[in-house]
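Here are my notes on this model, point by point. Please read them with the structure open.

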Amino acid sequence: MSAGSQIPADSAAPAGKAPGMQAEAARRADVRRNILLTTPALIVLFFAASGPLLIMLVYSFLRPGDYGGVQWTFATDGWASVFLQRDIFDDTLSVADAHLSIFWRSVKLSILTTFTALVLGFPTAYFIATRPVESRNLWLFLITIPFWTNLLIRTFAIMEVIRNQGLINNILTGLGLIDEPIQMLFTDFAIMLGMTYVYLPLMVLPIYASMEKFDFRLVEAGYDLYATRLRVLRRIILPLVKPGVVAGSILVFIPSLGAYVTPRVLGGGKNMMLGNLISLQFGQGRNWPLGAALSLTLLLIVMVALLYYVRSVGKAESHHG
Amino acid sequence: MGVEGCWIMAVREEATAIDGHNVSKIFGTGANSVAALDDVSVSIRQNEFFTLLGPSGCGKTTLLRLIAGFDTPTAGTILLEGNDISLLPPYSRPVNTVFQSYALFPHMTVAGNIAFGLEMLGKPKPEIDDTVERMLQLVQMEHLKSRRTSEISGGQQQRVALARALAPHPRVLLLDEPLSALDYKLRKEMQIELKRLQNETGITFVFVTHDQEEALTMSDRIAVMEHGKILQVGSPREIYDHPAERFVADFIGDSNFLTADLTSVSGSSAQLKLPSGKAMTASLPDGAFSKGPATIVIRPEHARLTRKKSGAAMSGTLENIVYIGTDTQYHLKLPEGTAFVVRSQNRRDAQEDYTIGDELGIEISANAVQVLRD
């Protein structure tokens, strides 16, 4: 007899257990079943996320090996060199300006990318959500088309568009609007453009998801109650689709902060972002502890940013109520 | 904001609140185009409870949306107290709407919803608070003012929607089937409540419904609509007792339609001959009538059954008896094959005892015959 068929038998005998206890037993059986269902995913998450993270944590406190890898002796040099650098001649410590500027560029470009994606993605999501139901899927399908092509190839395509002898510059020179090509490739602008292009769907989809649930009759109610277009947007639409905006912003900000391919191809060698700096330490830099420490620092930045964001959003929400 | 100031001047001179002149609204283009409103002219008086009544798709909601400003007319003009508002955006019209779905803002409290329109008009904070309090009292919702709109019942949401639309004190309040989502009892209560609110505020109400009973009980005047046209405008009594067209008679209340022969026509009354040969006096609607065959309507409750066939207006065979609580409906077949329904109130003292198959006489009350235009 299975556990499930015993429960009705219990309830048929009122002299037995109290109904509360019986419900409790049923609830526990439910929890047990759900844990079983999630176990495969939990195992993958544990080994694929926690495992490597743990290794990173250990490596960050070791000494770098001569040809990459690590020596198993405890050291804090990896963490120290995240923000500090040792002078190779007199061993004095000073602030690592190069690292700081890379940190700053990463954060700055990620914020700019998130903002640009929001400004471009919000109207797009609004457009799709206001189409007739039958044609919405087509528009969503179009949004996903860029995902069909390899990221590297798409990034090279952007390069082809913005380089000095590329599409934009050739057209502008051909029209006689400019004499010298505008330097766009290998600038922060190029990185931001590339990242916005790559991550834009990640902004559009969550905003669309919350806009789809939005009752557009509320917009008419707003107009009816003397709210102009801008006020309807600010007072009615934005507060109600905020979960989508928050999710989209997080989904764009996090990968931007750790982006590797886009800054590598479009930023050239000198405009590095955190992802490139980390990769450098595991490659030519042969400083795995520093690379591990940088990775964990990136993780901390993301966590702090997320906590701050989530808390400020929560506060704004309770303020409204 | 100038929205209010400019209206005050016009108020005194004009007795009408809304004037629609030859208003048309066509959706789509070319072969797919549909005329939701077809050259409609209507005049709604100040402080009246005016109902647009008709089946779904008759254009009543379209007319309401044109007055609210959510759509613009394809042709014609709409005047609000003498000022052309046809092309004004909804936020520049001193007109508010109670939506069928209520459309309350879910991220605001009850009080927040009511205050919204006043805030958008830029009213000072003390005045807003004051008005919100008054509105909450008016709809008896003071105790729930800081609740979220998702935390209150449908009937309460309905009240909030009303208070929200009344708070800016619009010149005209538009109500788009606001009671259709409520259950029967609550709907009855709200009908009385709406009538009370209209009296207390003195605001012109334009009410859209497909429920004839609702229209009859609440309205000062009713406009019956079909296929984008207004067929008849009049008080509930005029509409019910003197329908001008077959559709109006059919849509409101139960009707017996017969073909009669007009023998003489004078002013608003006519002499006619029923199919049974009996001569009767009937009322005529506006329009030109000449002698000859015409469609007439007789309400089932204006007819009476009798055992004495001689002297009765008509006679028929009883085919079915339907008991409906307060009344009983007797379905008869006239000699020429037409169906005829007689309704009589159920009384405890005088029990009528007819059985199916009986040959019965039908007596018709004086002034109960109405000639239809068609």
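**Notes on the interface and chain B**

1. In this predicted model, 28 residues of chain B are in contact with 18 residues of chain A (contact means heavy atoms within 4.5 Å). Local features need pLDDT of at least 70, side-chain atom pairs count only at pLDDT 80 or more, and totals for chains, interfaces and linings use all residues. Residues are numbered from 1 along each chain as its sequence is written, chains are lettered from A in the order written, and side-chain values use heavy atoms, without hydrogens and water.

2. The two chains bury about 2200 Å² between them, 63% of it on carbon and sulfur atoms. Buried area is the accessible area (1.4 Å probe) that two parts lose on being put together, summed over both. B:Tyr91, B:His107 and B:Met120 supply 32% of the area that chain B buries against chain A, more than any other three residues.

3. Two salt bridges are counted between chain B and chain A (side-chain nitrogen of Lys or Arg within 4 Å of a carboxyl oxygen of Asp or Glu). A:Glu220 forms a salt bridge with B:Arg65, with the closest N and O atoms 2.6 Å apart.

4. Chain B also holds an open sheet of four strands, ordered β2-β1-β4-β5, with antiparallel pairing. β2 (34–45) and β5 (83–84) of chain B each have a single partner strand, so one side of each is left without a neighbour in the sheet. Strands are DSSP runs (E, at least two residues), numbered from the N terminus; two strands pair if DSSP finds at least two bridges between them.
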